[in-house]
Amino acid sequence: MVLNSVQAEASSMENENETGENPVEETFQHELNEKVEQISPGRDDIPEGIPADEPYVGQEFESEAAAHASYNAYATRVGFIIRVSKLSRSRRDGSAIGRALVCNKEGFRMPDKREKIVRQRAETRVGCRAMILVRKVSSGKWVVTKFVKEHTHPLAPGKGRRDCIYDQYPNEHNKIRELTQQLAIEKKRAATYKRHLELIFEQIEEHNESLSKKIQHIVDRVREIESKEQQSRV
């Protein structure tokens, strides 16, 4: 009964706004802390039938970051990507007291007004409800108050985050690969053009030097002739 009560109250917390502003927050927090502490098992008291790395209601963490790292490790093993979602803050001092970590396929993408003029993006949100909700209790620890295990889409066990992203954006990945190959070709072509231009500039420079020498030779000859004519007149 206590567990069901905590889950119900934790579920109601999802409907709060991001700042967690609630006129009865302190009373709610105190009661929730008491109920969570009653059901929170010790580190060595994991409920039967639950894998060691699978989240469960009542699981404790030293910090929000530790909860995030644990759920991320679980997601990597199972085959999905997590996304940081709603944050609840204390009305009293503004400190973080609750956090929702969801599957990155949670919700649905809002219609983009630009879709008529730009290429449509791949659909990646399918309304998946898998998530965990962690809440900070009076002891300072963070406790899992809600865990939804089931996903509404295929998972990719054993794949890393990068592979999962590639699976979600296959067309974009192929496009990036094609553009990368084209870029490499264009770089080689640009290098060839650069070398040709350098050769042309070298030839122009050599031609200018040769032309300058010829002009200087002509000027010297003209001066020499003029000097001889002046001497003959004298």
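Analyst: The structure holds nine salt bridges, a salt bridge being a side-chain nitrogen of Lys or Arg within 4 Å of a carboxyl oxygen of Asp or Glu. This is a predicted model, in which local features need pLDDT of at least 70 and side-chain atom pairs count only at pLDDT 80 or more, while totals for chains, interfaces and linings use all residues. Residues are numbered from 1 along each chain as its sequence is written, and side-chain values use heavy atoms, with hydrogens and water left out.

Helices (H or I, at least four residues) and strands (E, at least two) are DSSP runs, numbered from the N terminus. Glutamate 62 is partly exposed at 48% relative accessibility, and lysine 141 is partly exposed at 27%. Here buried means under 20% relative accessible area, exposed over 50%, and partly exposed in between, with a 1.4 Å probe and protein chains only.

Two further pairs lie within helix H5 (residues 170–233). Arginine 195 is bridged to glutamate 198, the closest N and O atoms being 3.3 Å apart. These two residues of H5 are three residues apart, about one turn of the helix. Both are partly exposed, arginine 195 with a relative accessible area of 42% and glutamate 198 with 32%. In the other pair, the closest N and O atoms of lysine 228 and glutamate 224 are 3.5 Å apart. Lysine 228 and glutamate 224 are separated by about one helical turn because they are four residues apart in helix H5. Glutamate 224 is partly exposed, at a relative accessible area of 34%. As for shared partners, salt bridges join Glu60, Glu62 and Lys141 into one network.

Glu202, Glu205, Glu206 and Glu209 form a negative patch. Lys and Arg count as positive and Asp and Glu as negative, with His and the chain ends not counted; the place of a charge is taken as NZ of Lys, CZ of Arg, CG of Asp or CD of Glu. Glutamate 202 is in helix H5 and is partly exposed at 38% relative accessibility. A nonpolar patch consists of Leu197, Ile200, Phe201 and Ile204, with about 390 Å² of accessible area together. Phenylalanine 201, also placed in H5, is exposed at 54%. Accessible areas come from the Shrake-Rupley method with a 1.4 Å probe, and for residues only the protein chains shown count as cover.

Some loop positions complete the picture. Glycine 107, in the loop between strand E3 (96–103) and E4, is buried with a relative accessible area of 18%. Glycine 107 touches Arg125, Val126, Gly127 and Cys128, leaving aside residues up to four places away in sequence; contact means heavy atoms within 4.5 Å. Its C-alpha atom lies 6.4 Å from that of cysteine 128, 21 residues apart in sequence. Cys128 is also touched by glutamate 150, as is Ala130, again not counting residues up to four places away. Glutamate 150 sits in the loop between strand E5 (142–148) and helix H4 (161–168) and is exposed at 57%. Isoleucine 81, in the loop between H3 and strand E2 (82–89), is buried at 4%. Its C-alpha is 9.7 Å from that of leucine 155, 74 residues apart in sequence.

Of the 234 residues, 29% count as buried. Among contacts between residues at least 6 apart in sequence, 57% join residues at least 24 apart. The accessible surface is about 16400 Å², with 53% belonging to carbon and sulfur atoms.

Note on methods. Patches are made of residues with over 30% relative accessible area and no salt bridge: like charges are joined within 9 Å, nonpolar side chains (Val, Leu, Ile, Met, Phe, Trp, Tyr) within 5 Å.
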